[in-house]
Amino acid sequence: MPYTSSTPDVSSLPQDVMTLVEESPVLITDIIREGFESLQNDFTTTYLEDQAYLYSLTAFDVARVADDDFKPAKASALNLRKAQLQNVDFDFYIPRSQVLSIALSHTRQFTGVSDVNEALDNPLELMFLREVLRAQGGFMRRNGSFKGSRNAAGTGAANAVDGILKKVAAGTAGSDADIPEEHVITPAAALDEKNAYDHVQGICDAILKHKEDLLSYPLEMRLAKATKLKYDRNRRTKFPQSVGPGETASHPDDYDGITFVEDPGLAEKDTIIVAPKSNLIFGMDSDVGINKIKIIDDLKGLKVNVFFRGLFDYAYGNFMFHNGKY
């Protein structure tokens, strides 16, 4: 869009996708603007030391008819999950030639930079560094929060941290398992518009059967938008007399306390996770979105390093139900 001195006409743009910044012609997507804020909104934010323990206490009902015999019973159980913050780096290089090419073009009109010297003195404003950093939070939310698998050889949020699905897989099997076997309800076939409804309802029925008390608390059923669409279409097909065209469900039938949440971190996955929001954690050792930034004014450009320490995890396995899709 060419630069003009007045506010441009953006009436044709979807306003929930693009927004004007400070009444200038610069357009920033909501995905970038939200960044780390979405992590704070969608997960329980926890401040942790380098190694910390997420713990929960379960009390058991041990009352009995009184008599003269001492018959001790286990009255409580302390559940511990070790949480380890992971180190995440963003490295990028801004060559002087790139700063100059922008400073000498009409692009500088979008940045408030007036001439070449100002651009060289303040190249980070010119390169939209703030927006770049905000975008990293968005990438972390969509690509790392659930699907991340730490890989030193890769680049991108999905390679920088271990996501919740990796933690859930470890918590379901092996020596560290803390998610009960009956809490995993795996579909017999790939989810489609013919079986998604029954599968979702089956997960809810498993909660009722194996941990009914959990239904007394607000629960979220997190799933991909595509999976939710399959559920709604399947539901309309099964109940054409009572479910209207285009009607969508806010919660599974018969389970008003469970809210559907279309989670961007589960895109392209058949994964379904049911848990209280407080059981899904985003942890850092500082305020959300506050990163350690180091900039070196190199001979012919700028070296920029952004560093933060964080993790994604769940707190208590007994409060997790899922369908075994990782």
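Is Q201 buried or exposed? I began my notebook with this residue, keeping in mind that the model I am reading is predicted.

**Entry 1: Q201**

I looked up Q201 and found it in helix 9. Its relative accessible area is 9%, and because buried means under 20%, Q201 counts as buried. I then looked for its partners, and, leaving out residues up to four places away in sequence, I noted that Q201 touches Y231, P252, D253 and Y255.

**Entry 2: helix 9 by itself**

**Entry 3: helix 9 against helix 10**

I reminded myself that two packed helices are described by the angle between their axes and the distance between the axes. For helix 9 (residues 196-210) and helix 10 (residues 225-238), I noted an angle of about 105 degrees, with the axes 7 Å apart. That angle makes helix 9 roughly perpendicular to helix 10. On the side of helix 9, I wrote down A196, Y197, D198, V200 and Q201, which meet K230, Y231, N234, R235 and K238 in helix 10. Sorting the residues of this contact by kind, I have four nonpolar, two polar and four charged.

**Entry 4: L100, for another example**

I next turned to L100, whose place is in helix 3 (residues 96-103). L100 has 27% relative accessibility and so counts as partly exposed. Leaving aside neighbours within four places in sequence, I found L100 in contact with V116 and L120. V116 is 16 residues from L100 along the chain, and I noted 6.6 Å between the C-alpha atoms of L100 and V116.

**Entry 5: the whole chain**

Last, I looked at the protein chain as a whole, which has 10 helices and 13 strands. Of its 326 residues, 40% count as buried. I also looked up its contacts with a separation of 6 or more, and residues 24 or more positions apart account for 69% of them.

Key: Residues numbered from 1 in each chain as written. Predicted model: local features only at pLDDT ≥ 70, side-chain atom pairs only at ≥ 80, totals over all residues. Heavy atoms only, no water. Axes fitted to C-alpha atoms, helices over the stretch in contact; angles between N-to-C directions. Helix = DSSP H or I, 4+ residues; strand = E, 2+ residues; numbered from the N terminus. Parallel < 35°, antiparallel > 145°, perpendicular 65-115°, else oblique. Contact = heavy atoms within 4.5 Å. Nonpolar A, V, L, I, M, F, W, Y, C, P; charged D, E, K, R; others polar. Buried < 20%, exposed > 50% of the residue type's maximum accessible area, 1.4 Å probe, protein only.
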